[in-house]
Amino acid sequence: MGRILFFALIALLFFWVIRSYRRALKKREEMHKQPQSLEGEDMVRCIYCGVHLPRSESIASEGNFFCSDEHRRLHLQSES
């Protein structure tokens, strides 16, 4: 009976160590993810109206950036 309790305690200790290790790894991953979300994004300027907006939200055409498809179209018309 004593051996069974001994091995049960060893199993519980092993389980506790593994669980603590997993939690520590998860915390470390979360700490590394936070600074990446605070980095930001490149801003570009609409060549037609001058509004600054994130590059991912802009419309690129012929090396220029626009805030909307309408401004892209108007700029191309004014060049012609």
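Is serine 61 buried or exposed? At 14% relative accessibility, serine 61 counts as buried, where buried means under 20% relative accessible area, exposed over 50%, and partly exposed in between, with a 1.4 Å probe and protein chains only. Before going further, please note that this is a predicted model, in which local features need pLDDT of at least 70 and side-chain atom pairs count only at pLDDT 80 or more, while totals for chains, interfaces and linings use all residues. Residues are numbered from 1 along each chain as its sequence is written, and side-chain values use heavy atoms, with hydrogens and water left out.

**Serine 61 and its contacts**

Keep serine 61 selected, which lies in strand β3; helices (H or I, at least four residues) and strands (E, at least two) are DSSP runs, numbered from the N terminus. If residues up to four places away in sequence are not counted, serine 61 touches Phe66, Arg72 and Leu76, contact here meaning heavy atoms within 4.5 Å.

Next, select glutamate 62, which lies in the loop between β3 (59–61) and β4 (64–66). Its phi is positive, at about 55°, although glutamate 62 is not a glycine. For background, most residues other than glycine have a negative phi. Glutamate 62 has 64% relative accessibility and therefore counts as exposed.

Now select aspartate 69 and arginine 72 together, and display their side chains. These two residues form a salt bridge, their closest N and O atoms being 2.8 Å apart; the rule asks for a side-chain nitrogen of Lys or Arg within 4 Å of a carboxyl oxygen of Asp or Glu. By this rule the count comes to one salt bridge. Because aspartate 69 and arginine 72 are three residues apart in helix α2 (residues 69–79), they are separated by about one helical turn. Both ends of the pair count as partly exposed, aspartate 69 at 44% relative accessibility and arginine 72 at 23%.

**Two histidines in helix α2**

Stay in helix α2 and select histidine 71, then histidine 75. Histidine 71 is buried, with a relative accessible area of 17%, and histidine 75 counts as buried at 13%. If you draw a C-alpha to C-alpha distance from histidine 71 to valine 51, the two are 11 Å apart in space and 20 residues apart in sequence.

**The cysteines**

How many disulfides does a search of the whole structure find? The search finds zero, a disulfide being a pair of cysteine sulfur atoms within 2.5 Å. Select cysteine 46, which is in no disulfide and whose nearest cysteine sulfur, that of cysteine 49, is 3.7 Å away. Cysteine 67 is likewise in no disulfide, and the nearest cysteine sulfur is again that of cysteine 49, at 3.7 Å. Cysteine 46 counts as buried at 0% relative accessibility, while cysteine 67 is partly exposed, with a relative accessible area of 26%.

**Along helix α1**

Finally, move to helix α1 (residues 2–37) and select isoleucine 4. At 58% relative accessibility, isoleucine 4 counts as exposed.

Then select phenylalanine 6 and phenylalanine 7, whose ring centres are 5.5 Å apart and whose planes stand at 65°, so the pair is edge-to-face. Rings of Phe, Tyr and Trp (its six-membered ring) pair if their centres lie within 6.5 Å, and planes under 30 degrees apart count as stacked, over 60 as edge-to-face and the rest as tilted. The structure holds one aromatic pair. Phenylalanine 6 counts as partly exposed at 49% relative accessibility, and phenylalanine 7 is exposed at 54%.

As a last stop, select alanine 11, also found in helix α1, which counts as partly exposed at 45% relative accessibility. Alanine 11 and aspartate 42 are 31 residues apart in sequence and, C-alpha to C-alpha, 52 Å apart in space.
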